Amino acid sequence: MKKVLHLFFVTFIVTTMSFISYGQDAKKTTLITNAKIFDGVNEKLIEGDILIENNLIKTIEASIKAPKGANIIDAQGKTVIPGLIDAHWHTTYAYTPAAVLFLNQGDMPEVAIRSMTGAEKTLLRGFTTVRDPGGNPFAIKKLIDSGEYPGHRILPSGPFMSPTSGHADYYGKTEVPRDKDYINYWERNMMAMTSDGVDEVRLRTRDILKYGATQIKITTGGGVASEFDPLDVSEYSVDEIKAVVEEANNYNTYVTSHVYTDRGVRTSIEAGVKCIEHGFFVTEETLKLMKEKGAWISLQPVFKEDMTWDNPLSQHKFEGIVEAIDKVFPLAKKVGVNIAVGKDHLFGPTTAIQQNEYVVRLGKWFTPFEALKIYTSENARLLEMSGPRHPYQEGPLGVVKEGAYADLVIVDGNPLENLSLIADPEKNFVVIMKDGKVYKNTIDK
Ligand SMILES: [Zn+2]
């Protein structure tokens with residue numbers, strides 16, 4: 001009897017599962033007609049239809065006959081662009097106020113809830129993928145990827161890592177010498193990590209990779225948000241950086257580093273780091289070295305009005321950075337080094353919309369086409385540096401072409417002529433699709 005019952009349940013489950021998957025398959029063909037397509041790479045728009053099967057773009061042609069049962073979206077001559085990609089977005093810091101994270105006012109469930117709901121908001125602003133260089137978005141990524149909760153794709157670095165006194169050191173000033181047997185709350189929760197010495201940096205890098213990081217983020221120079229590290233300082237010895245790089249390379253991925261000064265950038269690049277976060281004070285000579293080594297600079301178009309810091313030291317550091325930014329963008333463009341751009345939004349649940357404004361700000365140094373190319377196919381090219389650790393391997397991201405992921409935005413208007421359309425996604429992004437699934441469609445309204 002037991003065996004029969006068991007068999008019954010197995011049959012029941014298998015039948016139900018195949019029914020569910022059949023139901024999903026039948027609904028998963030979408031035809032977008034009458035579109036002007038920016039493919040993420042070429043300036044010239046393509047006019048035609050896009051057929052999407054399941055989560056991938058199957059065909060792009062001048063005219064496609066609708067398959068039976070297909071969901072049809074008439075783009076009405078509006079512009080289809082690839083879903084935007086942010087190269088520097090902290091899923092778990094962006095929507096969490098600083099007081100929650102650093103004054104021991106909050107706990108991890110609060111961070112998780114704020115971040116999960118934030119990820120949906122980010123998606124609904126047209127960002128379908130982010131590279132996350134610091135924090136713990138692993139469970140959020142899992143729930144998004146499984147389709148259980150709406151949100152963007154994530155390539156997580158996990159906790160960003162610095163030495164004691166560095167950018168990730170959130171121990172108290174009086175905790176010196178620090179009791180190495182004690183690990184603070186945010187570190188235990190993989191939000192930040194301090195490690196010192198070649199042996200410990202190897203161990204922690206392995207911990208972070210084991211936890212699911214797609215690339216490793218360290219800090220080799222001072223920061224703005226942190227308390228103990230002036231911007232000019234160098235963090236980590238060359239041997240420590242090389243050890244992290246070796247561990248990441250053994251895992252077939254790369255290391256990205258937060259650093260501002262030219263000296264810090266050069267040391268990092270010479271030690272094998274493949275991407276520099278910020279790097280605003282870099283010289284032309286070092287940018288040329290980066291280009292030679294195929295490295296990337298990941299920049300943020302920060303303006304002075306964006307942030308005010310309670311801590312006067314942080315405010316002073318921030319103002320110096322804003323001045324440097326106006327120089328580094330044209331310089332990097334002139335040298336021809338790989339440029340990625342991201343928001344690096346911190347602690348600002350109400351100001352996260354600036355993520356879209358940042359795309360528009362690139363117009364100060366780039367044509368609308370160049371700006372959109374950076375925010376789509378170029379940022380996607382940076383993600384490719386994760387190699388086999390890249391979690392989305394079925395097709396390319398950041399482009400509209402056959403075989404690519406169906407991550408698309410339909411813009412009411414042509415952003416290659418009017419980049420400022422990107423700043424108001426609520427009004428101008430009339431369709432948002434990720435992984436072939438429509439998350440927003442107001443095109444007929
Ligand atoms: Zn950051």
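Entry 1, the sheet. Two strands pair if DSSP finds at least two bridges between them, and I kept this rule beside me while I looked up strand 7 (residues 127–132) and strand 8, which pair in the parallel sense over 4 bridges. The strands, like the helices, are DSSP runs numbered from the N terminus, where a helix is H or I with at least four residues and a strand is E with at least two. I note that this is a predicted model, in which local features need pLDDT of at least 70, side-chain atom pairs count only at pLDDT 80 or more, and totals for chains, interfaces and linings use all residues. Residues are numbered from 1 along each chain as its sequence is written, and side-chain values use heavy atoms, with hydrogens and water left out.

I then looked at the whole sheet, which is open and holds 3 strands in the order 6-7-8 with parallel pairing. Its edges are strand 6 (84–86) and strand 8 (153–156), each of which pairs on one side only. Neighbouring strands here are turned by 15 degrees against each other on average, direction ignored; axes are lines fitted to C-alpha atoms, for helices over the stretch in contact, and angles run from 0 to 180 degrees between N-to-C directions. I also found P156 of strand 8 as the bridge partner of D132.

Entry 2, the zinc ion. I looked up the protein donors of the zinc ion and found H88 (NE2), H90 (NE2) and D344 (OD), lying 2.0 to 2.2 Å from it. Donors are N, O and S atoms within 2.8 Å of the metal (3.2 Å for Na, K and Ca), and water is not among the atoms, so sites may look incomplete. Along the chain the donors of the zinc ion follow the spacing H-x1-H-x253-D. H88 lies in the loop between strand 6 and helix 2 (98–102), and D344 in the loop between strand 15 (338–341) and helix 11 (354–361), so the pair ties together parts that are 256 residues apart in sequence. H88 counts as buried at 0% relative accessibility, and D344 is buried too, with a relative accessible area of 14%; buried means under 20% relative accessible area, exposed over 50%, and partly exposed in between (1.4 Å probe, protein chains only).

Helix 8 (residues 262–270) and helix 9 (residues 284–292) pack at an angle of about 20 degrees, with their axes 10 Å apart. That makes helix 8 roughly parallel to helix 9, since angles under 35 degrees count as roughly parallel, over 145 as roughly antiparallel, 65 to 115 as roughly perpendicular and the rest as oblique. The residues in contact (heavy atoms within 4.5 Å) include V265 and I269 of helix 8 and L289 and M290 of helix 9.

I found T205 in helix 6 (residues 197–211), where T205 counts as buried at 0% relative accessibility. Leaving aside neighbours within four places in sequence, T205 is in contact with M161, I216, V244, E247 and A248.

Most residues other than glycine have a negative phi, and most peptide bonds are trans. The peptide bond from V176 to P177, however, is cis, with omega near -15 degrees. S165 has a positive phi, near 80 degrees, and is partly exposed, with a relative accessible area of 42%. Phi of Y236 is also positive, near 75 degrees, but Y236 is buried, with a relative accessible area of 11%.
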